[in-house]
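Morning, everyone. Let me put the structure up, then we'll walk through it.

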Amino acid sequence: MMIKFLSNWFPSQWSKWTPWHIILLPIAWVFAGIVSVRRYLYKVGVLDSHTLPVPVVVVGNINVGGAGKTPLVIYLVGQLKAQGFKPGVISRGYLGAANTSVSVTKESKVGDVGDEPMLIAQRANCPVFIGRDRVATAQALLNNHPECNIMISDDGLQHYRLGRDFEIVVVDGKVGFGNKASLPAGPLRESVSRLDIVDLVVVNGAWRAVYPLEALTKANVAHMKLNSGEFYNLIDNGLAGNATLFASKTITAVAGIGNPSRFFEQLKKEGLTFEQKVFPDHHAFKAEDFECIDSDVILMTEKDAVKCQSFAKANYWALPVSATLSGSIITQIMNALKVPK
């Protein structure tokens, strides 16, 4: 109970300044100092980073919480394939049970590999491996799939032991960087100045934070939009359609993601009226979580759907999203990697 309270309480402090920050700020300064020293030690070579035989594109963020990395990774895989690349994806596999490097397939158990890698494996149709050790995981992927000629590291910005050729930071345009303080006083894993040395900042949605984006980074900026696809049924994936499927039905929308309001806003844009039920990010759903829901239809994200597939009922539906970006992100990557056009 206390852990759940703290997991909700800390994020509630990150968008503002409160008297609690008198206590939290000294801890945040220590955290920020440790992070800066660690990054410097990798930069000057005191701590070793490992270079792979293929280019590495890192997709991450400097703050905690969902920003839209998974749709971007899926988008990148598709765009790289279109340019003739054969990409592979590595990930930590958040909350997955696996302790070693493991291949993620459509037949994997989400409890073993994590929800986001599972979704990437289902949607991207490319080799996906998870593991705590990013270097060992990347090497395992290449050993099993020597055809892969470019690597995408999902949520790997702070994993400096793995060398990288192109860094992308994803930012939620609505949330921004909160109060711009380091953990635990704010949401930042690294300072905002880290943006000056990444290759690309991708803003998910319109920028609504109170501080101007152009004042935060010298990096190139691209804007990402998440487009809704057709709702599909978890029991029969071939059963799909738009919001008219749910006309005159009672609906409960369930979300266990980092930013549930984004999902709810998408449903409202579809013209739907619904009850909301929010769970913590990466919540390990079980059938009992839905016993108290008395609605004709239960709607959820694809990320949540992969965890509900084994006990889904006929009234469970998922809404897939796909990313589109302004500008040519692939051209920027190829230019940075000096890949001939």
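In what sense do strand E6 and E7 pair, and over how many bridges? Parallel, over 5 bridges; E6 is residues 166-172. Strands here are DSSP runs of at least two residues, helices are H or I runs of at least four, and both are numbered from the N terminus. Two strands pair if DSSP finds at least two bridges between them.

Quick housekeeping. This is a predicted model, where local features need pLDDT of at least 70, side-chain atom pairs count only at pLDDT 80 or more, and totals for chains, interfaces and linings use all residues. Residues are numbered from 1 along each chain as its sequence is written, and side-chain values use heavy atoms, with hydrogens and water left out.

Back to E7, residues 200-204. On one side, E7's Val202 is the bridge partner of Val170. E7 also pairs with strand E8, residues 220-228, again parallel, over 5 bridges. There, Asn204 has Met224 as its bridge partner.

Is E7 buried or exposed? Buried: 5 of its 5 residues. Buried means under 20% relative accessible area, exposed over 50%, partly exposed in between, with a 1.4 Å probe and protein chains only. Leu200, Val202 and Asn204 are covered on one face, Val201 and Val203 on the other.

Now the cores. A nonpolar core is a set of buried Ala, Val, Leu, Ile, Met, Phe, Trp, Tyr and Cys residues joined through side-chain atoms within 4.5 Å. The largest has 42 residues; Leu72, Leu76, Ile168, Leu325 and Ile329 touch the most other members. Helix H3, residues 69-82, gives the most, with 7 residues. A second, separate core has 30 residues, including Val203 and Leu213.
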